[in-house]
Amino acid sequence: MTDEASPPAGAVYERSGRQAAMAVRGYSSVLVVSDDPVEAAYVAIGIGRAEAAHRRVVIGDLAGEIPPIQSLLSIGDPHGIYDSFVFGTSLDKVIYPVEGNENLDILPSGTDSAATEEILGSR
């Protein structure tokens, strides 16, 4: 009997995202939704890392400071989606590169959750 440790749950979901990346390759945007926003974040990161090998990818955090997405940021308390919609901050100023991934960027939620009726219902 071997004593193999199970991979962390995040790694399993990220691997699932990498596998799903082929199915979404022809799309310009993908929304990953789950009852568990942390699991959804890992799947989005997996898709993003896989697709960043072929094109620019921006992962947006609509749920609000989800730890897996936050861990990819090299800046604390960044401005993001909320600030762009509410205060008019340019998206160019709130998209942050992921270190070590040339084509992968993060669009954090910002100073408040982006999951507001005003933002989600915006055209």
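I started at aspartate 77, which sits in the loop between α3 and α4 (81-87); helices here are DSSP runs of H or I with at least four residues, strands are runs of E with at least two, and both are numbered from the N terminus. Aspartate 77 comes out exposed at 61% relative accessibility. My cut-offs: buried is under 20% relative accessible area, exposed is over 50%, and partly exposed is in between, with a 1.4 Å probe and protein chains only. From aspartate 77 to valine 94 I count 17 residues in sequence and 11 Å in space, C-alpha to C-alpha.

Ground rules, before I go on. This is a predicted model, so I take local features only at pLDDT of at least 70 and side-chain atom pairs only at pLDDT 80 or more, while totals for chains, interfaces and linings use all residues. Residues are numbered from 1 along each chain as its sequence is written, and side-chain values use heavy atoms, with hydrogens and water left out.

**Helix pair**

Next I looked at how α1 (residues 9-24) packs on α2: the angle is about 50° and the axes are 6 Å apart. For the method, axes are lines fitted to C-alpha atoms, for helices over the stretch in contact, and angles run from 0 to 180 degrees between N-to-C directions. That angle makes α1 oblique to α2. The classes are roughly parallel under 35 degrees, roughly antiparallel over 145, roughly perpendicular from 65 to 115, and oblique for the rest.

Which hand does the crossing of α1 and α2 have? I get right-handed, meaning that the near helix is turned clockwise from the far one by less than a right angle, with anticlockwise being left-handed. On the α1 side, the residues in contact (heavy atoms within 4.5 Å) include Gly10, Tyr13, Gly17 and Ala21. Their side of α2 includes Tyr42, Val43, Gly46, Ile47 and Ala50.

**Cores**

How many residues are in the largest nonpolar core? I find 14, with Ile59, Ile69, Leu104 and Ile106 having the most contacts inside it. A core here is a set of buried Ala, Val, Leu, Ile, Met, Phe, Trp, Tyr and Cys residues joined through side-chain atoms within 4.5 Å. At least two residues of this core come from each of α2 (37-51), β1 (57-60), β2 (96-98) and β3. The largest share is from α2, with three residues. There is also a second, separate core of six residues, and Val94, Leu107, Ala114 and Ile119 are among them.

Isoleucine 69 lies in helix α3 and is buried at 4%. Beyond four places in sequence, isoleucine 69 is in contact with Ala41, Ile45, Ile59, Asp61 and Ile106. Isoleucine 119 is 50 residues from isoleucine 69 in sequence and 20 Å away in space, C-alpha to C-alpha.

**Strands**

Aspartate 105 is in strand β3. Buried or exposed? I have aspartate 105 as buried, at 8% relative accessibility. Outside four places in sequence, aspartate 105 contacts Arg56, Val57, Val58 and Ile59, plus Ile95, Tyr96, Pro97 and Val98.

Tyrosine 96 is in strand β2 and is buried too, at 14%. Proline 108 is twelve residues along the chain from tyrosine 96, with the C-alpha atoms 8.2 Å apart.

**Rings and loops**

I then searched for aromatic pairs, taking rings of Phe, Tyr and Trp (its six-membered ring) with centres within 6.5 Å; planes under 30 degrees apart are stacked, over 60 edge-to-face, and the rest tilted. I get one aromatic pair. Tyrosine 82 and phenylalanine 87 have ring centres 6.1 Å apart and planes at 75°, so they are edge-to-face. Tyrosine 82 is buried at 16%, whereas phenylalanine 87 is exposed at 58%.

Alanine 115 is 33 residues from tyrosine 82 in sequence but 8.5 Å away in space, C-alpha to C-alpha. Alanine 115 sits in the loop between β3 (101-107) and α6 (117-120), partly exposed at 44%. Leaving out neighbours within four places, alanine 115 contacts Leu62 and Leu120.

Last stop was glutamate 65, in the loop between β1 and α3 (67-70). Phi of glutamate 65 is near 50°, positive in a residue other than glycine. Most residues other than glycine have a negative phi. Glutamate 65 is partly exposed, at 46%.
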